[in-house]
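Please consider the aromatic side chains and the pockets of the structure shown here. The paragraphs that follow take these topics in turn.

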Amino acid sequence: MPLRTRRVSRLIVLLLLAASTSGFAEIQHADCVRAATYSESRRGVSILVIQNGRTIFEQYANGGSVNGRWPIFSGTKSFWGIAALAAVHDGLFRLDDLVSDTITEWKSDPRKSQITIRQLLSQTDGIEAASRLQRPSIRDRNTMAIRLPSIAEPGGAFIYGPGHLQIFSELLRRKLRGRSTIGYFEGHVSNRLGLHRLNYKKDSVGNPLLATGFELTAREWARFGELVLGNGNYHGRQIVPAPLLREAFTGSQVNPSYGLTFWLNQQAPNGREADTERMLDLPWQNAQWTDVCICKEAPADMVLALGSGYQRLFVIPSLKAIIVRQGSNAKFSDAHFLRLVLGRIQ
């Protein structure tokens, strides 16, 4: 075989080997165009796809723009989940510590005294969801939150709502011993991501609402995805150690599809696809979270920050991909959208 032919053959082998061991496939621009058309037809305002650190696709519609900030609603929760992990790393508490060790008013309650911080963050503490905590008229959300009733055994039910994180807000406030909760979040999370002027929806005494409020551009939200892909590292700064970050991506027994403030696709490809937002509209007793996934064809390691009205930050480590979708409330399918982006629909 001629030398040049051997060199070409060797190059082809090396390229094939690299492709087989890289662990991810290329997302195609044409597939993103189809996904963007679908999103736009469902009142989508932005779609941003990044893979391997490179922008594959970016498009704005229906009044959206590259510099336009958009409410991410419950996508806010995942930011505070990272703040919780940062506090664990700082030694303020451990995930399996009892909440009643800090909120001592709970010690005499047979149920509340057994709740752990992990259960607060996974929304499995059994406390009432209390959507009314989001009303701007409430003077002190933290005090109201810690007085909410227990309606299920700790660890026995997934009850989605703002109450759990607002209780965590009070726990963090007490652990900080006079330091600002918002100041801690900014110093350990948002400032390190270059995110400023966030909407904390503070109550009359200054407590931030942890369940919702942030408004971000698609590019800003994608920075949070970079943190996840970087195993807790963002542009050379380790915000959360990788082993601790993995705790956020472990589901509970009662809801394997939800970790610590992040939604999970770990029950794919065999799980039943479900519209998460519609499931959350059901009474918590009627929602069935076992054997449920976001998209069968999406990798099982995909994690999701989710906000109502189909605000989405999909992060797929095995594809080294970040997908942002923002829009106004309209009929929308995460599974169909992902199949389009990933080229699973011909």
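Are Phe158 and Tyr160 buried or exposed? In this predicted model, both Phe158 and Tyr160 are buried.

The aromatic contacts may be taken next. A pair of aromatic rings is described by the distance of the centres and the angle of the planes. The structure holds 21 aromatic pairs. One of them joins Trp80 and Phe185, whose rings are stacked, with 4.5 Å from centre to centre and 25° between the planes. This pair links distant parts of the chain: Trp80 belongs to helix 3 (residues 75–89) and Phe185 to helix 7 (residues 181–190), the two being 105 residues apart. Trp80 is buried, its relative accessible area being 0%, and Phe185 is likewise buried, with a relative accessible area of 0%. The pair of Phe158 and Tyr160 is tilted, because the ring centres lie 6.2 Å apart and the planes stand at 40°.

Trp80 and Phe185 also belong to one aromatic cluster, which they form with Phe79, Tyr200, Phe214, Phe224, Phe249 and Phe262.

The discussion now turns to the pockets. Rolling a probe the size of a water molecule over the atoms shows where empty space is left. The largest pocket has a volume of about 530 Å³. Its lining comprises 28 residues, and those nearest the pocket centre are Ser74, Tyr160, Glu277, Leu280 and Asp281. Tyr160, one of the residues nearest this centre, is thus also the buried partner of Phe158 in the tilted pair. Helix 10 (276–281) and strand 10 (303–307) each supply at least two residues of the lining, and helix 10 gives the most, with five residues. By class, the lining of the largest pocket divides into 16 nonpolar, eight polar and four charged residues.

The lining of the second largest pocket has seven nonpolar, one polar and three charged residues.

Terms used:
Residues numbered from 1 in each chain as written. Predicted model: local features only at pLDDT ≥ 70, side-chain atom pairs only at ≥ 80, totals over all residues. Heavy atoms only, no water. Phe/Tyr/Trp six-rings, centres within 6.5 Å; stacked < 30°, edge-to-face > 60°. Helix = DSSP H or I, 4+ residues; strand = E, 2+ residues; numbered from the N terminus. Buried < 20%, exposed > 50% of the residue type's maximum accessible area, 1.4 Å probe, protein only. 1 Å grid on protein atoms, 1.4 Å probe; cavity = no way out; pocket = protein on both sides within 12 Å on 5 of 7 lines; lining within 4 Å. Points joined across faces, edges and corners; volume = space filled by probe spheres on them. Nonpolar A, V, L, I, M, F, W, Y, C, P; charged D, E, K, R; others polar.
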